Amino acid sequence: MQQEELNLNAGRKLLRPLVLCLCLLGGVATAGTGRHTNIVFMLADDLGWGDLGCYGSTFYETPHLDQLAAGGMRFTEGYVASPICSPTRSSILTGKNPARTDNTQYFGGPQPGPRYKRNTVLLPAAYKAVMDLEEQTLAETLKAHGYATFFAGKWHLGHEGFWPEDQGFDINRGGTHRGGPYGGKKYFSPYDNPRLEDGPDGEHLPDRLATETVSFMRANSERPFLAYLSFYSVHSPLMSREDLEQKYEQKPKPETEWRQEGENKVRVNQNHAVYAGMVEAMDLAVGKVMRGISDLGLDENTVVVFLSDNGGVSTDGGWPTSNMPLRAGKGWLYEGGIREPLIIRAPAVTTAGSICPVPVTSTDFYPTILYLCGVPAVPEQHVDGISIVPLLKGAGALNRDAIYWHYPHYSGGLGGRPGGAIRKGDWKLIEFFEDSRV
């Protein structure tokens with residue numbers, strides 16, 4: 001009986017997009033330009049809220065992302081569903097909170113059981129280390145409506161069989177189970193990545209991923225497309241192009257300052273030359289993609305989104321950045337762990353240089369993108385997100401009660417503890433599960 005149910009579910013997974021495609025193919029609307037709407041979604045890894053010039057950094061240089069913000073809308077209170085990577089990534093593609101999909105921890109993180117040997121007050125919660133194939137992902141929905149779909153970079157949403165090509169993406173360049181560029185020469189070719197052919201020796205990974213993205217857009221410029229560029233940058237290992245590292249070594253910078261967060265020390269200021277080089281290299285890759293959009297004449301019908309998956313690493317892991325004035329960083333339910341840089345440029349929708357102070361979160365992208373593309377909502381799928389198109393058009397509020405987080409895990413050396421959080425209006429409440437402290 002169990003195998004029959006699995007087979008039936010697998011059949012539904014294949015049939016659902018086919019039915020949508022047969023009924024609605026060709027029904028793609030626009031974001032107001034009279035042409036089909038393309039989506040370029042760029043996701044950084046471990047980039048902190050204050051790591052861009054347009055968010056206040058005076059040490060890192062990010063001219064291309066600053067230019068994107070100047071041409072679109074910058075959110076000052078853009079949240080993600082988790083202080084850790086995999087849950088946030090799942091929330092974007094499913095439109096559901098990680099607690100609903102049981103994707104609450106980074107995939108490969110500790111599970112309860114005999115192998116758990118850490119001396120902690122609580123056992124970590126059990127979680128699914130795959131994004132279920134039963135989820136109708138954002139990519140699958142767009143693909144069913146005639147979109148070409150492309151993924152490049154970090155996936156970290158399950159083992160083989162659960163990779164991008166199994167979740168609605170026509171093309172996968174570099175997406176596997178790994179949480180970082182851990183094969184070969186890591187951020188430099190050869191990559192030893194089963195979904196990314198090696199380039200010339202020494203080729204830089206962020207630039208290569210941008211090149212692949214532009215090539216996909218060029219090949220599909222006459223049809224609607226979703227290009228999902230998920231940078232491995234700026235996740236560890238901390239490795240920069242040598243020229244960029246030297247640039248920041250020679251740049252005037254403050255002495256390192258520290259504070260304490262629980263048992264962990266936390267970096268207060270930004271002065272890490274290697275990390276700065278990684279940030280700029282990612283920004284250069286964003287610039288290459290933006291030039292590609294312009295050179296292909298797609299500026300007026302391409303929505304661009306830029307986001308980070310969780311806060312910057314500031315309490316361990318080499319202490320590469322600071323999230324000040326936000327508290328703590330990756331792995332914590334404090335603001336430094338879950339509030340991220342978020343920029344959206346939607347032609348004929350967003351006003352250039354606009355700033356939005358209304359809280360939004362990563363489950364909102366699914367319904368928002370469908371609306372911008374003229375694709376019908378999938379309310380049984382994106383049950384936790386709401387369309388933020390009114391904000392993109394300049395509205396000052398959303399009809400939402402609260403935003404929720406559930407992270408029943410320890411974040412290892414980063415120092416975060418199991419907890420949950422609620423943000424409602426100007427107030428935020430955190431409960432720590434070890435002792436029910438709020």
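This is a predicted model: local features need pLDDT of at least 70, side-chain atom pairs count only at pLDDT 80 or more; totals for chains, interfaces and linings use all residues.

Trainee: So at what angle do helix α2 and helix α8 pack?

Mentor: About 50 degrees, with the axes of α2 (residues 63-70) and α8 (residues 273-295) 7 Å apart. That makes α2 oblique to α8; angles under 35 degrees count as roughly parallel, over 145 as roughly antiparallel, 65 to 115 as roughly perpendicular, and the rest as oblique. Axes here are lines fitted to C-alpha atoms, for helices over the stretch in contact, and angles run from 0 to 180 degrees between N-to-C directions. Helices (H or I, at least four residues) and strands (E, at least two) are DSSP runs, numbered from the N terminus.

Trainee: Which residues of α2 and α8 make the contact?

Mentor: On α2 they are Pro-63, His-64, Leu-65 and Leu-68, and on α8 they are Met-282, Asp-283, Leu-284, Val-286, Gly-287, Met-290 and Arg-291. Contact means heavy atoms within 4.5 Å. The set splits into 7 nonpolar, 2 polar and 2 charged residues. For the classes, Ala, Val, Leu, Ile, Met, Phe, Trp, Tyr, Cys and Pro are nonpolar, Asp, Glu, Lys and Arg are charged, and the others, Gly among them, are polar.

Trainee: OK, sheets. In what order do the 3 strands of the open sheet run?

Mentor: The order is β11-β12-β13, with antiparallel pairing. β11 (403-407) and β13 (427-432) are the edge strands with a single partner each, so one side of each has no neighbour in the sheet. On average, neighbouring strands are turned by 10 degrees against each other, direction ignored.

Trainee: And how many bridges link β12 and β13?

Mentor: 6 bridges, in the antiparallel sense, with β12 covering residues 419-424. Two strands pair if DSSP finds at least two bridges between them. Within that pairing, Ala-421 stands opposite Ile-430 in β13.

Trainee: What about phi of Asp-46?

Mentor: Near 70 degrees, which is positive in a residue other than glycine. Most residues other than glycine have a negative phi, and most peptide bonds are trans. Asp-46 is in the loop between β1 (38-44) and α2. His-156 also has a positive phi, near 55 degrees, and is in the loop between β3 (148-153) and β4 (171-173).

Trainee: Is Asp-46 buried or exposed?

Mentor: Buried, at 4% relative accessibility. His-156 is buried too, at 6%. Buried means under 20% relative accessible area, exposed over 50%, partly exposed in between (1.4 Å probe, protein chains only).

Trainee: Last one: what share of the 438 residues is buried?

Mentor: Buried residues make up 59%. The protein chain comes to 11 helices and 13 strands, and its C-alpha trace spans about 60 × 55 × 50 Å along the principal axes.

How values were computed:
Residues are numbered from 1 along each chain as its sequence is written. Side-chain values use heavy atoms; hydrogens and water are left out.
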